[in-house]
Amino acid sequence: MPDLRQTGRTVIYPRMIVDHRMQTDEWVQQAAQGSTFSSGEIKGMIASVAQQLALALAAGVSVKLEGLGTFSLRLGLSAESQRETTEKGTPRRNARSIRVKGVSFRPDKLFLQSINQYCRLERQSHTGKLIRCPYTAAERKQQALAYLTDHPVLTVSVYATLVQLNRTQAGKELKALAQDPESGIKCSGRGSHKLYIKQERASPSLTSCDDIGDRQDVGE
């Protein structure tokens with residue numbers, strides 16, 4: 001943070017670097033693996049909790065869920081309304097000009113303790129600059145193929161760690177490799193269950209003339 005108090009010291013605060021946003025389906029799949037509930041049941045619970053929270057907050061109460069935290073509303077003025085002041089003769093705002101602007105969340109102590117229990121932090125560059133991958137695209141491809149030689153499947157998370165990319169870039173790169181018929185890697189599964197496996201090349205003697213013709217057409 002900049003030295004706002006002019007003390008001659010700049011204070012540094014830690015900040016989490018997030019390189020992947022987990023969507024509902026992915027989160028639900030992980031939650032289902034560690035419980036006796038199905039993915040459909042967990043999705044139903046999420047929808048029910050969201051609806052009941054909306055009803056309770058709209059009624060003007062805060063909601064505390066043990067082990068999670070407390071939810072409460074944040075209010076503000078509509079876009080066309082001017083902020084009210086204490087000066088005499090200035091207009092007063094009525095209830096119609098007030099809108100729900102957001103929801104505040106204060107985490108429960110047990111929730112924070114659980115996060116700290118599972119969290120393993122590593123310090124990155126204090127400059128905040130992007131750390132470039134030390135491998136070229138060709139080297140990353142060879143690393144993926146070498147991994148698949150010894151392992152049956154390759155996931156995005158494993159590939160990201162293997163080649164030192166963030167998860168979003170790793171996912172895009174694996175997808176592009178799977179779409180390239182000459183890469184030697186193909187995709188299996190869908191959505192959060194997507195895996196990457198080694199593509200077995202067909203013997204030239206078993207390749208049909210139609211296949212050869214199709215490949216020539218595509219090449220043209």
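Modeller: A crossing of two helices is called right-handed if the near helix is turned clockwise from the far one by less than a right angle, and left-handed if it is turned anticlockwise. With that in mind we can read this model, which is a predicted one.

Biologist: How do helix 4 and helix 5 cross?

Modeller: Helix 4, residues 137-150, and helix 5, residues 156-163, have axes that come within 10 Å and cross at roughly 125°, and these two helices are therefore oblique to each other. Here too the hand can be read, and the crossing of helix 4 and helix 5 is right-handed.

Biologist: Let us turn to charged side chains: how many salt bridges does the structure hold, and which residue pairs with D25?

Modeller: The general idea is that side chains of opposite charge can pair when their charged atoms come close. This structure holds three salt bridges. In one of them D25 pairs with K43, with 2.6 Å between the closest N and O atoms; D25 belongs to helix 1 and K43 to helix 2, so the pair ties together parts that are 18 residues apart in sequence. D25 counts as partly exposed because its relative accessibility is 43%, and K43, at 40%, counts as partly exposed.

Biologist: Which residue forms a salt bridge with E26, and where do the two partners lie?

Modeller: The partner of E26 is R167, and their closest N and O atoms are 3.5 Å apart. This pair links distant parts of the chain, since R167 lies in helix 6, residues 167-179, and E26 in helix 1, 141 residues apart. R167 is partly exposed at 25% relative accessibility, whereas E26 counts as buried at 15%.

Biologist: And are E173 and R140, which form a salt bridge, buried or exposed?

Modeller: The closest N and O atoms of E173 and R140 are 2.6 Å apart, and, as E173 is in helix 6 and R140 in helix 4, the pair ties together parts that are 33 residues apart in sequence. Buried means under 20% relative accessible area, so E173 is buried at 19%, and R140 counts as buried at 11%.

Biologist: Which residues make the nonpolar surface patch, and which strand gives the most to it?

Modeller: The patch, of about 430 Å², is made by L73, L75, I98, V100 and V103. Strand 2, residues 69-77, and strand 3, residues 98-107, each supply at least two of its residues, with strand 3 giving the most, namely three. V100 lies in strand 3 and counts as exposed because its relative accessibility is 53%.

Biologist: How far is V63 from L73?

Modeller: V63 and L73 are ten residues apart in sequence, and their C-alpha atoms are 9.9 Å apart in space. V63 is part of strand 1, residues 63-65, and counts as buried because its relative accessibility is 16%.

Terms used:
Residues are numbered from 1 along each chain as its sequence is written. This is a predicted model: local features need pLDDT of at least 70, side-chain atom pairs count only at pLDDT 80 or more; totals for chains, interfaces and linings use all residues. Side-chain values use heavy atoms; hydrogens and water are left out. Patches are made of residues with over 30% relative accessible area and no salt bridge: like charges are joined within 9 Å, nonpolar side chains (Val, Leu, Ile, Met, Phe, Trp, Tyr) within 5 Å. Accessible areas come from the Shrake-Rupley method with a 1.4 Å probe; for residues, only the protein chains shown count as cover. A salt bridge is a side-chain nitrogen of Lys or Arg within 4 Å of a carboxyl oxygen of Asp or Glu. Helices (H or I, at least four residues) and strands (E, at least two) are DSSP runs, numbered from the N terminus. Buried means under 20% relative accessible area, exposed over 50%, partly exposed in between (1.4 Å probe, protein chains only). Axes are lines fitted to C-alpha atoms, for helices over the stretch in contact, and angles run from 0 to 180 degrees between N-to-C directions. Angles under 35 degrees count as roughly parallel, over 145 as roughly antiparallel, 65 to 115 as roughly perpendicular and the rest as oblique.
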